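Trainee: Could you please take me through this model? I would like to begin with its strands and then turn to some single residues.

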Amino acid sequence: QVQLVESGGGLVQAGGSLRLSCAASGTSFSGRSTGWYRQAPGNQRELVAAITSSGSINYADSVKGRFTISRDDAKSTMFLQMNSVKPEDTAVYYCYARLLTIGQFRNYWGQGTQVTVSS
């Protein structure tokens, strides 16, 4: 019933820009904690950016000043604007949301979208 689907990944040159989208169905982001994570081969999944349930926004130090997270709650869509990308940004990017379903808060993840930054 609840599904998160990422899109917008692809190949981009260093210094370029990319915009990722996460579309939610069967739920709403309003008042919930959501964010973007990424995972490169051999690495742990790490937080890139998040919007807390209270509306605060947090960024990993490595992306501050370059990435912007935003949300359109009316359309149940979250975005990650990636500017001035670097090769080290290469990873699979995942959409995350903590949602109330069937009386409990549960963690939901999208399937991931590949971002590859070339030198």
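Trainee: How many residues lie between S7 and S8 in their hairpin?
Mentor: There are four residues between S7 and S8 in that hairpin. Please keep in mind that this is a predicted model. Serine 76, in the turn, has a positive phi of about 50°.

Trainee: In which sense do S7 and S8 pair, and over how many bridges?
Mentor: S7 and S8 are antiparallel, with six bridges between them. Phenylalanine 67, for instance, has methionine 82 in S8 as its bridge partner.

Trainee: And what is the strand order in the sheet?
Mentor: The order is S1-S3-S8-S7, in an open sheet of four strands with antiparallel pairing. In general, strands of a sheet pair through backbone hydrogen bonds.

Trainee: Which strands are at the edges?
Mentor: Strand S1 (3-7) and strand S7 (67-72) are the edge strands, and each of them pairs on one side only. On average, neighbouring strands of this sheet are turned by 15° against each other, direction ignored.

Trainee: How many bridges join S3 to S8?
Mentor: Six bridges join strand S3 (residues 18-25) to strand S8 (residues 77-82), and the two run antiparallel. Serine 21 is found opposite phenylalanine 79 in S8.

Trainee: Where is serine 84 placed?
Mentor: Serine 84 is in the loop between S8 and strand S9 (91-101). Its relative accessible area is 40%, so serine 84 counts as partly exposed.

Trainee: What about isoleucine 102: is it buried or exposed?
Mentor: Isoleucine 102 is exposed, because its relative accessible area is 77% and the cut-off for exposed is over 50%. This residue lies in the loop between S9 and strand S10 (104-109). Isoleucine 102 also has a positive phi of about 50°, although it is not a glycine.

Trainee: A new topic, then. Where is glutamine 111?
Mentor: Glutamine 111 is in the loop between S10 and strand S11 (113-118). With a relative accessible area of 48%, glutamine 111 is partly exposed.

Trainee: Which residues is glutamine 111 in contact with, leaving aside its neighbours within four places in sequence?
Mentor: Glutamine 111 is then in contact with Leu4, Val5, Glu6 and Tyr94.

Trainee: And how far apart in space are glutamine 111 and alanine 60?
Mentor: From C-alpha to C-alpha, glutamine 111 and alanine 60 are 21 Å apart, and in sequence they are 51 residues apart.

Terms used. Residues are numbered from 1 along each chain as its sequence is written. This is a predicted model: local features need pLDDT of at least 70, side-chain atom pairs count only at pLDDT 80 or more; totals for chains, interfaces and linings use all residues. Side-chain values use heavy atoms; hydrogens and water are left out. Two strands pair if DSSP finds at least two bridges between them. Axes are lines fitted to C-alpha atoms, for helices over the stretch in contact, and angles run from 0 to 180 degrees between N-to-C directions. Buried means under 20% relative accessible area, exposed over 50%, partly exposed in between (1.4 Å probe, protein chains only). Contact means heavy atoms within 4.5 Å.
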